[in-house]
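Hello,

Here is the structure you will be taking over. My notes on it follow below.

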Amino acid sequence: MDYYAIGQRIRKYRRSLGLSQEELAEKVGISMTHMSHIETGNTKLSLPVFTEIALTLNVTTDSLLFGENRQSREKITESIASILDK
């Protein structure tokens, strides 16, 4: 999974709403440092944090995971299926 790309999508949606990292972190219930690490791809997201970010930004989790790139979406879907099979 490309955590950097996911983080960049989060940043894009956050900025489009005019939110600072600190404001989004507060709404999601995490530290600003953690939010910064998420946006730069330096940490993995837990599912609860990921879904809370999507809800707060009013976007689908698919849009954060896949963006507009269909090929990337297929690779991520295969990766998630593989993880779930284990």
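This is a predicted model: local features need pLDDT of at least 70, side-chain atom pairs count only at pLDDT 80 or more; totals for chains, interfaces and linings use all residues.

On the α2 side, the contact is made by Gln21, Glu22, Leu24, Ala25 and Val28. α3 contributes Met32, Met35, Ser36 and Glu39. Sorted by class, this contact of α2 with α3 has five nonpolar, two polar and two charged residues.

Next, the core. The largest nonpolar core has 21 residues, and the members that touch the most others are Ile10, Leu45, Ile53, Leu57 and Leu64. Two or more residues come from each of α1 (3-16), α2 (21-28), α3 (32-39), α4 (47-57) and α5 (61-66). The largest share, five residues, is given by α4. As background, nonpolar side chains in soluble globular proteins tend to be buried together.

Leu64 is worth a look on screen. Leaving out residues up to four places away in sequence, Leu64 touches Ile6, Arg9, Ile10, Tyr13, Phe50, Ile53, Ala54 and Val59.

Last, is Ile83 buried or exposed? Ile83 has a relative accessibility of 53%, and therefore counts as exposed, the cut-off being over 50%. Ile83 is part of helix α6, which covers residues 70-85. Between the C-alpha atoms of Ile83 and Ile30 there are 26 Å, and the two residues are 53 residues apart along the chain.

Regards

Methods
Residues are numbered from 1 along each chain as its sequence is written. Side-chain values use heavy atoms; hydrogens and water are left out. A nonpolar core is a set of buried Ala, Val, Leu, Ile, Met, Phe, Trp, Tyr and Cys residues joined through side-chain atoms within 4.5 Å. Buried means under 20% relative accessible area, exposed over 50%, partly exposed in between (1.4 Å probe, protein chains only). Helices (H or I, at least four residues) and strands (E, at least two) are DSSP runs, numbered from the N terminus. Contact means heavy atoms within 4.5 Å. Ala, Val, Leu, Ile, Met, Phe, Trp, Tyr, Cys and Pro count as nonpolar, Asp, Glu, Lys and Arg as charged, and the others, Gly among them, as polar.
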